[in-house]
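The definitions are given as each term comes up.

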Amino acid sequence: MQTHQFDAIIVGAGGAGLMAALYASKGGANVAVVSKLYPTRSHTGTAQGGIGAALGNHEPDNPLWHAYDTVKGGDYLADQNAAKVLAENAIDAVIELEHMGLPFDRTPEGRISQRRFGGHTSNFGEKPVRRACHAADRTGHMILQTLYQQCIKNQVRFFDEYHVVDVLMNRGACVGVVAVQLGTGELHVFHGKATLFATGGWGKMFQVTSNAHSLTGDGAAVTFRRGVPMQDMEFFQFHPTGIYKMGILITEGVRGEGGVLINRHGERFMEKYAPRIKDLASRDVVSRAIYLEIRDGNGIQGKDYVYLDVRPETVNRYLAEAGESRRVTGEEIEKKLPDILDFCRVYLGVDPVKEPMPIQPTAHYAMGGIPTNVDAEVVMDENWTVLPGMYAAGECACVSCHGANRLGTNSLVDLVVFGRRGGMKIAEFVKQADLIPLPANPTAEIEAEFKRLRASKGKIRPGQIRAKMQKTMMDYVGVFREAKGIQQAIDTVEELRHQYQTDLVFDDQGYRFNTDLIEAWELGAMLDLAAITAQSALARTESRGAHSREDFQQRDDVNWLVHTLACPKQASPYQTGPMEIELNFKKKVDLSLAEVDPRFAPKERVY
Amino acid sequence: MSSLVLTITETLRYRGALGQWSWVLHRISGLGVVLFLTLHVIDTSWSVFYPALYVKAIAVYQTPLFTIGEFALIAAVVYHALNGLRIAILDYRPALWRYQARAAWIVLGASVLLLIPVFILMFGHVLNFYNDPERRVLPFADVLESQLPFAVGIVLAVVAGVLYSGIHGVIAPRKETPTDNMFRRPVGSRWEKFWWSYMRVSGFLIVPLVFGHLAMMHVIQGVFDITAADYVTVGTNVVNQTGTSVEFVANRWNYLVGGIAVWRLYDIALLALTVIHGFNGLRYVLTDYTADSTLIRRGMIYTCIIGALILLMVGGLALLGTIDQTAIRMAEEAVAKLHP
Amino acid sequence: MDVTFRIRRYNPEIPGKDKPHWQEFKLSDVEPTDRVLEMLHRIKWEQDGTLAFRRSCAHGVCGSDAMRINGVNRLACKVLVRDLGNRIQVEPILGLPVLKDLIVDMEPFFEHYRAVMPFFVNDTPLPADGRERLQSPEDREKFDDTTKCILCACCTTACPSFWANGKYVGPAAIVQAHRFIFDSRDLAGDDRLDILASPDGVWRCRTIFNCTPACPRDIEITKAIGEVKLAIRNGSTEGIIEVRDIKHEA
């Protein structure tokens, strides 16, 4: 075992982690970034369409409109102060990214080019607005690369391929993490004053997902096991347009450029569900619409997919119908959406300029996660009690600026805004905070857990358990949910957790790049989160944003303008037996904007 | 060495496109031409310094082994020249890279097209020679024996290069600058920039010169015609009366146009450009595969410098020297001795 | 369809497997549209859990799973079975030390990357209005191609110059440098050109063109390297890249 000491430890090297590392180190902190992947492999790199910021480079825009769209998109579960911070800070953050060299596309005047995106409107929902700043359809790639480059410039220390498996607490504060060095299997203790989790989401708990194989929710799971509640876990976004069967994301930017969704009858069905902004409605709305079309037998060939059509002739026909003067050509589409076209050509053999793309909703983004305040400090309860030394940002965190449904582009905004704020806060914190010693035997428990895993000589391979979990979660805790199904999911997940604890088998007993063992451990993390997600979903007896209960179809603002906090009840982080959590609904949604501006008050959500 | 073996085996295993094979052919043809260039410059200088040895060298060139080698040489020169043009053009116009594969095919095709008539003409010379009942061919053992000094010379040059490298290492040991793990900051080399340009510019100049040289010495008059008596020496209006190779050289080098020894100038240009081009190319190849050892890598550079300097000196002195009647007489005696 | 996989294995921890060797696996019920990565997962999850390889996003964006597949460097997630036939050979990329099975040590690769100053440098005062620096769409277009690089190492490990000489900075690092050298906003281009003009810099490129077809992002790598060479020769980036006509939205 080796011990490393730093002022600040950043877990995860995606957009939020790198942003935090950069700003913490710029603020004078000695920073280590611990990541299970090489930083440039992080999932931020797959974000496509853009990053929303009310720069107003094409037409008037206002951060307050952005905040409004965020709150409305989140079906009024978003904390309004957080949404305001998100929208206001977005402008500075995007400008700073440009100053770091991020190669945004440009307007003829040389400013950052912006495009339309789902749910982004001007003047409180009036009409779509060009707010998403983009670099072709690889904005996330550019953000990730730019931040990694700047971290190199600032000589940030990277521990690449170190997999964090436990978080260390002492005297009521977070004092660091334990990580496995994947290349050697050795445990390393990272001891610091501040630890920020930026470990991303857990979309791999679903069968069809846009998420990377590595998105297994490790950070959320280890913090939960050490006593941190999980907030709003029932809200998991399904992106409407994933490549059929594969789940690979097709950016909303396709619809931003004029692409439309078409059912088997050739109808642009979104006209029925969102008469005003149609295909650019919020993701939850569009995903549900697709599911309903499929359920009514309107899927292509009666199957479970519909078409996304961005052929110039189709786009131009609807542009003409809408009375717009803009027209697109195949060449422009090639230029603006090169990667999307490439995915379709490689994986489907479909050329989107000539044929429509078969798509279906794909599990995409966890709105819930580790509860934090707007400075990325982890908070433990409804009183916003800060857990000293622990921070979280990005998808694994729940600020909550996304509420019940995240708006397109806002994930990137979230990363840079709250990663930046977290980094700044950490730099401030480590200057005045004392280093709290490590607990005695910091690796004892995780070592015992790995020993137990290694010794497991059962019959079931992790892959079998994972596949069953993914199918169960997809079928019962997916786009539409109802009590019986969710209960079924809870029971199945518990059964799988039992198998995981008692009947697991795997082949690799080595230490060097034992990906077999690590995948098994990741499965354990996902099973815990799946159990929490399902239990949270069962408890919330309303439909809001991405959480659609068929047995409770209405939104219930009287009883449910509250966040769900799932608190662990287990005595030990590795307690076997069923998942025991306590659900707490005392944390009220922040409505501070509504108090001064009635337009922010919860009302029916129409697009 | 291991990196050379690895490169060879993996180049065979990697399914690279045509560009990869063009590169392999370019290297092999280049190495072959440099080897011949070494023999040829030294041999030719003997026409001035040791006429008897020159006579023997030409006799060696007229043996079957060297006839096969000559065909290979011509093919190598033609391919290397055309492919070199392709590389140089792509280097100066990177935007043309889309046509690189097509260009590689064109180079191959053009080489074959060019070589067909050339080989037919050359083969005519060979047939003539072997149809001549009075032909005289040196025994194979003599051929091998005559190449021994070259083999020894090459080994000596390599040993001397490595030796110099060792001395260099002792006198001026490389300073190990303490580098931060994050940043290794290499420094630009004006030399490498110069060499990069030199290889391309000299290539453009060499192509017409060498094609002209090959046309005169291998196609219009083959290596067998050098020793033919009563024959007008190519590029001149002078008859080779003795039918010795030395007189052939003398006729050319002493031929004046407007008071200028044009063929001497031609050959000086050819010598300077090709030797430097060839040995710098050799340095590229040798340093590519010796990156693991500073001693050997630097030694290879010294070897190339030694090789190039020797050829430039020997060849240059010969081109500035005079071939008089005594030399031609000595050549006649040598012929008599060689084929009693 | 049935597919036979032939995989280059190496595990220094297990006696008898601590020398590189080939192992065959048979898979049935393979769809022609399946990705090689999915097949490797099936082998790992159904047959032999010890098989080690890197992967993450599974759709050609993160750059984790560069391998030599049927003799050519590809991303396992971006090549479909139908393009390979029913005998598929997979081995680690060449030129970097193999650590286990298909996993190689990426450190030397990233060391070359870091050596070219792969970060934006401009210390001049920011625009007074607090907004972005301006850049024309034409200037932005000049380096668009090289911004696509995902550092997967397919190109560098396809290069015979790099196989022979691990000190050669390699195509990927040159691509990364190109992205900044030709960015009109960046001011450290001369430093990068100097770094790349070192003896193990761009000059080791022999214009072999193995890198360009190996790139899963379709970057015109040899062209980019050529542009860097010319910039070094000219001592300037002026006039090297001709911007194709850029059409703007009406």
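A residue is called buried under 20% relative accessible area, exposed over 50%, and partly exposed in between, with a 1.4 Å probe and protein chains only. Helices (H or I, at least four residues) and strands (E, at least two) are DSSP runs numbered from the N terminus. The model is predicted: local features need pLDDT of at least 70, side-chain atom pairs count only at pLDDT 80 or more, and totals for chains, interfaces and linings use all residues. Residues are numbered from 1 along each chain as its sequence is written, chains are lettered from A and ligands numbered from 1 in the order in which they are written, and side-chain values use heavy atoms, leaving out hydrogens and water.

Helix H5 of chain A spans residues 218–225 and is mostly covered, with eight of its eight residues buried. These are A:Asp218, A:Gly219, A:Ala220, A:Ala221, A:Val222, A:Thr223, A:Phe224 and A:Arg225. Just after H5(A), A:Gly227 has a positive phi of about 105°.

## The sheet in chain A

Strands of a sheet pair through backbone hydrogen bonds, either parallel or antiparallel. Here two strands count as paired if DSSP finds at least two bridges between them. In chain A, three strands make an open sheet in the order E3-E5-E4, with antiparallel pairing. Strand E3 (51–52) and strand E4 (114–122) of chain A are the edge strands, each pairing on one side only.

E4(A) and strand E5 (residues 127–133) of chain A run antiparallel and are joined by five bridges. Opposite A:Gln114 stands A:Cys133 in E5(A).

## Interface of chains C and A

Contact means heavy atoms within 4.5 Å. By that rule, 75 residues of chain C touch 66 residues of chain A. Buried area is the accessible area (1.4 Å probe) that two parts lose on being put together, summed over both. For chain C and chain A this comes to about 6,000 Å², with 48% from carbon and sulfur atoms.

A salt bridge requires a side-chain nitrogen of Lys or Arg within 4 Å of a carboxyl oxygen of Asp or Glu. Chain C and chain A share eleven salt bridges. One of them links C:Lys100 to A:Asp508, with the closest N and O atoms 2.7 Å apart. Helix H1 (36–47), strand E6 (98–100), H2, helix H3 (137–142) and helix H5 (170–181) of chain C each give at least two residues to the side that touches chain A. H1(C) has the largest share of that side, six residues.

## Interface of chains C and B

Between chain C and chain B, 44 residues of chain C are in contact with 44 residues of chain B. The two chains bury about 4,100 Å² between them, 56% of it on carbon and sulfur atoms. On the chain C side, C:Trp203, C:Arg206 and C:Phe209 lose the most area to chain B, together 15% of what that side buries.

Seven salt bridges are counted between chain C and chain B. In one salt bridge, the side chains of B:Glu10 and C:Arg68 meet at 2.8 Å, N to O. Elements of chain C that each supply at least two residues of the side touching chain B include strand E4 (72–75), strand E5 (87–91), helix H2 (107–115) and helix H8 (221–234). H8(C) gives the most to that side, with seven residues.
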